[in-house]
Amino acid sequence: MAYALQQLINGVSLGMIYGLIALGYTMVYGIIGMINFAHGDVFMVGAFISLITMLLLGLGGGAAGPGALLLVLLAAMAATALYGYTVERVAYRPLRGSFRLAPLISAIGMSILLQNYVQVAQGARSKPIEAPVPGGITLMESAGFTVQLSYVQILIVVLTLAVLAGFTVLVTRTPLGRAMRACEQDRKMAALLGIDTDRVISLTFIIGAALAAVAGCLYLLRYGVIDFYIGFLAGVKAFTAAVLGGIGSLPGAVLGGLLIGLIETFWSAYFSAQYKDVAAFGILILTLIFMPTGLLGRTEVEKV
Amino acid sequence: MLTRRLLLGATASTLALPALAQNRTPIKIACAGPMTGSNAAAGDQMKTGALQAVADIIARGGVLGRQLALSIEDDACDPRQAVSVANKLAGQRVALVAGHYCSGSSIPASAVYREEGVLQISPASTNPKYTDEGGWNTFRVCGRDDQQGMVAGTYIARTLRDKRVALLHDNSAYGKGLADETKKAMNAAGKQEILYTAYTAGESDYNALVSRLKQERIEVIYLGGYYREAGLIIRQAKEQGLNATLIGGDALVTNEFWGISGAAGEGSLMTFSSDPRKRATAAAVVRAFRARNVDPEGYVLYTYGAVQIWAAAAEKIRSVDARKVADALKRQGPWNSVLGSTAFTPKGDVTVPDYVFYVWRNGTYAEM
């Protein structure tokens, strides 16, 4: 019982990070129908910027106050958003209107570029820091097994849900959200009605990158070790989460992330840690066979 | 095949001629290892050692009166990249490859080198297969996992008899080989493990595995794998309140391990050859390194020694022909180098492996 609870905590905190990255995939897909394969690497850049800001503030060696962490988070979001904007401006906008696969290939190129750029600029070695948010609470103890819930895990869950709520409000209640939904439904018509679609798309990328930065920052706080390659695996998992939850749906992304995290964790907990990815992807395939649009995805209506 | 014979013939005929033309062209040698990727720290050590060895040999007049040209190649510990590096080096007809690092790279690369007549001395690959299934061209100046596993397994069975032990590995040639050899030695000494399982290298979240270890009340974790995952697993174990002792292999002998594990790495044990930095034969070289503010830790001196031993053998038989040098290495030893006096078995292993335990205390490691 205690064991299952501990694994549940592990799975939820892992899944929330996947979900946070998946939000970025799903937003971009929702608006321009393109998979931004560089998103995982934008996440990695976000983690690096968090690390650099932390070291600049002299936080590398241990516990940090909430004010300093907020500053790190905001700095990472701002700088990563700039990367997101640049990526869109350089690699995707010139290809808008060309055939469907062109921006996809450009995105893969961008992903390789970002990885190599960070590798050259920051070195290939793993970058460790001491836990900036140490400690946690012991939830329960039974038969010598203590269930630990660390403060970082609480932070991850709270922040992810807050971000999800914030963006749901943004998309459903604000003028920008209305413009985003208009672009999603029919970009040409939206443009005819006076919406600056390029600006809306740019903003979507900026928001997506800022979300990736939040995920990157949390990842750094949680694991304390990053390298230039973390974006690949995290990107693949988050993309899977977005597809599982129904790509284009905001709650779907977080739900998908949560499911992938839980499946991986519980598979390693009760079966073999070696085949957890097989389990996660197996469930993805099963889901897609019976629900081709994912768990919360809407069926696309073919417009005539 | 025909071209190879022609090449061999050409090499042989140049050797037969007086050393007139040879003096001008440098002898090409290479150091191959993970210069990038998660084991880049080890690659960096190899590079440091190889560069210094070549510089020192040139300063003393080169090999057979010729200069040495060293190329550094990156295999990122990826078996496929290792094979393409091997093909590239074979194409350049290097006389020696000091490398690779990961057993998973060294083994496939050695097949290419064997085909193409290149001598390979690994400073770090400890998987038994490397020399067991290798040919005339495979050598190593480090020990073997079965010897390493024997030391670790026996230690666990004797000293930690009453502890609950888990064996983990990362499914790599090195990691699984090491864990299996340790398991074999431990079981033979009459101790059973509680858990034997694999993990996936390259991830960051091992909390599920750690909780499982906690559930099984594991007190000793034997880990066959590399320092990144070892550091993460012990770090996450301490975070979850699991106070187990980590025991690992030679891959944990790098300050990067402590960088990742932090204070959680305190008391971790690993098997490694007795510190080459402390050997009398290495004193002068170690002083030279320290004067440049380089700590010749881990594989620096092993790589240095590999190059040095090759140079000594080539000098002795007045030839850099790979087959002749290989033959001489096995028959005409022992060879003096920074590593002390080294002789090779007919398979290409060192005759006297000396694994001892090291322990991490306060961010530095020392012999136990």
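What follows is a short chat about chains A and B.

Reply: Happy to! This is a predicted model, in which local features need pLDDT of at least 70 and side-chain atom pairs count only at pLDDT 80 or more, while totals for chains, interfaces and linings use all residues. Residues are numbered from 1 along each chain as its sequence is written, chains are lettered from A and ligands numbered from 1 in the order in which they are written, and side-chain values use heavy atoms, with hydrogens and water left out.

Me: How many helices and strands does chain A have?
Reply: Chain A has 11 helices and 4 strands. Those are DSSP runs numbered from the N terminus: H or I over at least four residues for helices, E over at least two for strands.

Me: And what is its radius of gyration?
Reply: For chain A it is 19 Å, close to the 19 Å that the globule rule gives for 304 residues, so the chain is as compact as a globular protein of that length. The radius is taken over C-alpha atoms, and the rule is 2.2 Å times the number of residues to the power 0.38. The C-alpha trace of chain A spans about 65 × 45 × 35 Å along its principal axes.

Me: What share of chain A counts as buried?
Reply: 53% of its 304 residues. Buried means under 20% relative accessible area, exposed over 50%, and partly exposed in between (1.4 Å probe, protein chains only).

Me: Is A:T197 buried or exposed?
Reply: A:T197 is buried, with a relative accessible area of 13%. A:T197 lies in helix α8 (residues 197–223) of chain A. Leaving aside neighbours within four places in sequence, A:T197 is in contact (heavy atoms within 4.5 Å) with A:C183, A:R187, A:A190 and A:A191.

Me: Switching to chain B, where does B:G248 lie?
Reply: B:G248 lies in strand β9 (residues 245–248) of chain B. B:G248 is buried, at a relative accessible area of 0%. Not counting residues up to four places away in sequence, B:G248 touches B:Y222, B:L223, B:L269, B:M270 and B:T271.

Me: How far is B:G248 from B:G224?
Reply: They are 24 residues apart in sequence and 6.1 Å apart in space, C-alpha to C-alpha.

Me: Which residues of α6(B) are buried?
Reply: Among them are B:D145, B:Q148, B:G149 and B:A152. The cover over the buried residues of α6(B) includes β9, along with β6 (165–169) and α7 (173–188) of chain B.
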